[in-house]
Amino acid sequence: MVDTTAQANSLPRHVAVIMDGNGRWARERGEDRIFGHAHGVESVRSVVRAAGELGVEYLTLYAFSTENWSRPQAEINALMELLVESLAGEVDELARKGVRLRSTGALDSLPDACRAALRDVEERTAHCTGLTLILALSYSGRWELTEAVRSIVRAGTPEVDITEETVRAHMGLPDVPDPELLIRTSGEQRLSNFLLWQLAYAELHFTTVMWPDFREDHFRAAVHEFRGRERRFGRTGDQLRQAQAGAESPAP
Ligand code: IPE
Ligand code: IPE
Ligand code: MG
């Protein structure tokens, strides 16, 4: 059936995802939390495929937060091993599909093997011009903002010259546009310290689907729903519709 829902917005250039619910998904099956993380890898593959096919330019995945360092050491180790394995296992396919890998976060705090695996995939996909896949690792929004403030102070920027653009320029990936859409799985409805600056005007999509069950269709549905949303940016609905009508009418 053709879906005729009105599409007010163009495709998001950047989609960010809080991949949540791995532990509960595993527990529901009587398995260890790590089983859930391992199954989440297929969801990552699926979402990378969907984003690439749709023509989304940037996909940022929250893979490990600053706060996640407080999890049991065995779970942290398993997550780090899974990261190394997945990076090594996927690099050829990513390069074949033209996917460029980048990362953001306090990467110095990751184990050496993770840093090496990340560096390897980043180098081997640096030439790729399709989807940019960004992994947020040992990341938190407050960490990134604090780093930006430090960097501005180090640069000696006079106070009067500090604008929003200055702050933006000192963020982790200043060349990446802000996400227009944030997806969070597992029914939780919070940001958990993700991209606090960049998500200022993002549309939020919460789904009860657990991350290991999340697939291409869920991603496409979230993008479709986003395209039907009215994004006002502080204006009234009438102003917005007038602006849209103006943009659509042929030049005189
Ligand atoms: C998300 O799933 C993965 C990470 C945070 C690394 P969780 O591990 O948070 O799973 P739940 O939320 O406990 O179910
Ligand atoms: C957010 O999920 C972090 C990642 C998905 C990597 P959490 O499961 O850690 O978040 P909280 O603890 O429920 O806020
Ligand atoms: Mg969680």
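Let's start with Arg-184: its bridge partner in strand E6 is Phe-206. Strand E5, residues 181–184, pairs with E6 in the parallel sense over four bridges; pairing here needs at least two DSSP bridges between two strands. Helices (H or I, at least four residues) and strands (E, at least two) are DSSP runs, numbered from the N terminus.

A quick word on the model: it is predicted, so to speak of local features we need pLDDT of at least 70, and side-chain atom pairs count only at pLDDT 80 or more, while totals for chains, interfaces and linings use all residues. Residues are numbered from 1 along each chain as its sequence is written, and side-chain values use heavy atoms, leaving out hydrogens and water.

Now zoom out to the sheet. Six strands make an open, parallel sheet, in the order E3-E4-E2-E1-E5-E6. E3 (100–104) and E6 (203–206) are at the edges with a single partner strand each, so one side of each has no neighbour in the sheet. From one strand to the next, the twist averages 20°.

Helix H7, residues 216–227, packs on this sheet and touches E1 (14–18), E2 (58–65), E5 and E6, where contact means heavy atoms within 4.5 Å. The direction of H7 makes about 140° with that of E5; angles run from 0 to 180 degrees between N-to-C directions, with axes fitted to C-alpha atoms, for helices over the stretch in contact.

Finally, how do H2 and H3 meet? The axes of H2 (residues 33–54) and H3 (residues 73–97) come within 10 Å and cross at roughly 30°. The two helices are therefore roughly parallel, a label for angles under 35 degrees. Among the residues in contact are Ile-34 and Val-41 of H2 and Leu-79 and Leu-82 of H3.

Methods. Chains are lettered from A and ligands numbered from 1 in the order in which they are written. Angles under 35 degrees count as roughly parallel, over 145 as roughly antiparallel, 65 to 115 as roughly perpendicular and the rest as oblique.
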